[in-house]
Amino acid sequence: MTPPDNDPRTEPFDLDYAPAPQSTAVVDIADEYGLFIDGDFVESRSGRTFATTNPATEEHLADVAEGSKDDVDRAVAAARNAYEGHWGALSGRERGKYMFRIARQIQERARQFAVLETIDGGKPIRESRDVDIPLSAAWFFYYAGWADKLEYAFPGRRVAPHGVAGQIIPWNFPLMMAAWKLAPALATGNTVVLKPAETTPLTALLLADVIRDVGLPPGVVNIVTGAGATGAALVDHTGIDKLAFTGSTEVGKRIQRATSGRRLPLTLELGGKAAHIVFDDSAVDQAVEGIVNGIYFNQGHVCCAGSRLLVQESVAEEFTLRLKRRMAVLRLGDPLDKNTDVGAINSAEQLRRITDMVDAGVAEGADLHQPDCDLPERGYWYPPTVFTGVQQSHSVARDEIFGPVLTVQTFRTPQEAVDKANNTPYGLSAGIWTEKGSRILWMAEQLRAGVVWANTYNQFDPASPFGGYKESGFGREGGLHGLAPYLRAAGRVA
Ligand code: NAI
Ligand code: MG
């Protein structure tokens with residue numbers, strides 16, 4: 001059925017927006033940044049640096065110290081000293097006080113963090129302002145609350161911190177990933193060496209500033225910037241007692257191999273290829289909104305992105321029409337404009353990966369649709385994209401693209417939806433849209449995914465555990481579950 005010309009579902013919908021630029025006056029970016037070791041910013045031993053740029057403009061922002069093996073060594077030693085010197089024995093109540101201070105400082109400096117996050121990583125200011133930064137503060141508040149209540153978290157058991165935790169984070173939610181890692185580690189009495197991603201180190205370094213301001217004892221948190229080699233040096237360091245990684249499945253597997261044979265507690269939060277399932281009884285417009293949020297939020301640089309739309313056959317045509325119409329009014333452009341929905345792709349390399357994967361989808365015979373939208377001349381950009389006519393064998397339906405690219409497949413019965421949703425090596429998240437509560441519960445039981453959202457998507461809360469099945473990794477972050485990976489059993493309560 002083709003809609004008539006005057007069908008409101010396909011009619012162009014054009015609104016002019018005045019520019020609404022976010023001022024950058026609150027942010028002061030230095031020319032150079034050192035490593036944050038033992039409470040101070042220091043140069044790397046080798047003197048080597050790498051550049052971080054603004055992916056929306058390709059502007060060079062700063063030169064950042066590249067941590068070598070030696071530097072990782074220094075950072076681990078500082079963390080060990082801090083752990084053995086005082087932090088490991090400090091009462092939970094005292095640890096909590098520092099963490100509450102960090103949380104409040106993130107709130108007080110929220111504007112500065114949000115603008116810097118957007119400049120360094122390309123995500124829309126609307127998202128860094130409304131999602132990344134508030135959630136980062138919330139994570140510290142939440143885990144600060146646990147710091148003096150661990151005996152209630154694990155009743156009947158004595159628990160103790162591991163000691164020094166190594167933590168490696170990706171570039172898609174730079175500050176938020178730092179908060180997800182640091183907060184549970186500190187609440188449980190560990191000290192930390194954190195390695196931010198090479199394209200987005202600046203907000204972690206601003207957080208180092210906060211950490212210093214609140215008087216956190218030197219060495220409790222150390223931040224070593226650099227790329228994969230710096231991360232690998234941390235992984236290989238025998239002085240760490242726990243390792244947590246968020247990033248690609250490929251690197252996750254490499255880390256698991258590298259640490260095999262060592263008794264190193266490990267958590268991995270890796271990739272995803274989530275099914276986002278729409279039934280014929282769902283509230284269509286809300287579901288369209290949910291699908292759009294599920295895949296185009298943060299340019300699709302989201303491990304739990306709803307990248308595979310599974311829509312019930314009876315409503316597929318209608319739904320796809322409405323989806324395309326909604327995509328046509330997404331505003332792509334300057335991430336610092338408060339009206340922007342889709343910002344810049346994080347790096348030239350990621351843009352190349354997305355482009356290659358989409359080209360492969362076209363070559364395999366899937367039907368590509370991209371709304372008309374002007375891409376800025378400078379910077380790294382990719383338009384919101386949807387593939388219809390997708391077969392399960394197509395690479396775009398199987399591989400994580402980590403960009404604004406959605407595939408559409410159909411199903412007839414709930415069982416078929418489950419089978420298709422689970423037909424993936426990943427299992428981080430899934431979404432369901434239906435009016436029927438019993439169906440939601442049945443589906444959630446069947447789906448092999450760590451998080452299942454119903455009639456909503458991409459909702460995060462520090463009290464709610466997050467993590468994967470299968471090749472999406474293991475271990476949970478958030479909630480009570482998120483404390484466990486940072487603790488070891490130390491006997492039963494007498
Ligand atoms: P990546 O996995 O290489 O990077 C994540 C972090 O690991 C960064 O801090 C990086 O410096 C570090 N790292 C890289 N190699 C390492 C090694 N051998 N040992 C220790 N640490 C290492 O991810 P990348 O290259 O930035 O992105 C590649 C693809 O990975 C993306 O296209 C996307 O599909 C996926 N990805 C998934 C993420 C997720 O949260 N699920 C996050 C980032 C990337
Ligand atoms: Mg950058």
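This is a predicted model: local features need pLDDT of at least 70, side-chain atom pairs count only at pLDDT 80 or more; totals for chains, interfaces and linings use all residues.

Colleague: How many helices and strands are in the chain?

Modeller: The chain has 15 helices and 20 strands. Helices (H or I, at least four residues) and strands (E, at least two) are DSSP runs, numbered from the N terminus.

Colleague: What is the radius of gyration of the chain?

Modeller: It is 23 Å, close to the 23 Å that the globule rule gives for 494 residues, so the chain is as compact as a globular protein of that length. The radius is taken over C-alpha atoms, and the rule is 2.2 Å times the number of residues to the power 0.38. Along the principal axes, the C-alpha atoms fill a box of roughly 75 × 55 × 40 Å.

Colleague: Which domains does the assignment give?

Modeller: Domain 1 (32-270 + 470-492) and domain 2 (272-454). The bounds come from an automatic or database domain assignment. Taken over C-alpha atoms, the domain centres are 30 Å apart.

Colleague: How many residues of each are in contact?

Modeller: 19 residues of domain 1 contact 26 residues of domain 2. Contact means that the C-beta atoms, placed from the backbone, lie within 7 Å.

Colleague: And which helices supply the domain 1 side?

Modeller: Helix H3 (110-121) and helix H4 (125-146) each supply at least two residues of it. H4 gives the largest share, three residues. That side divides into five nonpolar, seven polar and seven charged residues. Here Ala, Val, Leu, Ile, Met, Phe, Trp, Tyr, Cys and Pro count as nonpolar, Asp, Glu, Lys and Arg as charged, and the others, Gly among them, as polar.

Colleague: Switching to the ligand. Which residues are closest to ligand 1?

Modeller: Gly228, Gly231, Gly247, Ser248 and Cys303 are the closest of the 26 residues that surround ligand 1. A residue is near the ligand if its C-beta atom, placed from the backbone, lies within 6 Å of it.

Colleague: Which helix gives the most to that shell?

Modeller: H8, with four residues. Helix H8 (228-236), helix H9 (249-259) and helix H12 (348-364) each supply at least two. The shell draws at least three residues from each of domain 1 and domain 2. It divides into 13 nonpolar, eight polar and five charged residues.

Colleague: Now the sheets. What is the strand order in the open sheet of seven?

Modeller: E14-E15-E16-E13-E12-E17-E18, with mixed pairing. Two strands pair if DSSP finds at least two bridges between them. Strand E14 (367-369) and strand E18 (451-454) stand at the edges with a single partner each, so one side of each is left without a neighbour in the sheet. The twist averages 20° from one strand to the next. Axes are lines fitted to C-alpha atoms, for helices over the stretch in contact, and angles run from 0 to 180 degrees between N-to-C directions.

Colleague: Do E13 and E16 run parallel or antiparallel?

Modeller: Parallel: five bridges join E13 (residues 308-312) to E16 (residues 405-411). Leu309 stands opposite Val408 in E16.

Colleague: Which strands does helix H10 lie across?

Modeller: H10 (residues 284-296) lies across strand E12 (275-278), E13, E16 and strand E17 (429-433). It runs at about 165° to E17.

Colleague: And the order in the open sheet of three strands?

Modeller: E1-E5-E4, again with mixed pairing. E1 and E4 are the edge strands, each pairing on one side only. E4 (residues 49-54) and E5 (residues 59-65) are antiparallel over six bridges. E1 (residues 32-33) and E5 are parallel over two bridges.

Colleague: Which residue in the E4 and E5 hairpin takes a positive phi?

Modeller: Glu58, near 65°, in a hairpin with four residues between the strands. Thr53 has His60 in E5 as its bridge partner. Asp63 in E5 partners Ala51, and Asp63 is also the bridge partner of Glu32.

Methods. Residues are numbered from 1 along each chain as its sequence is written. Chains are lettered from A and ligands numbered from 1 in the order in which they are written. Two residues are in contact if their C-beta atoms, placed from the backbone, lie within 7 Å.
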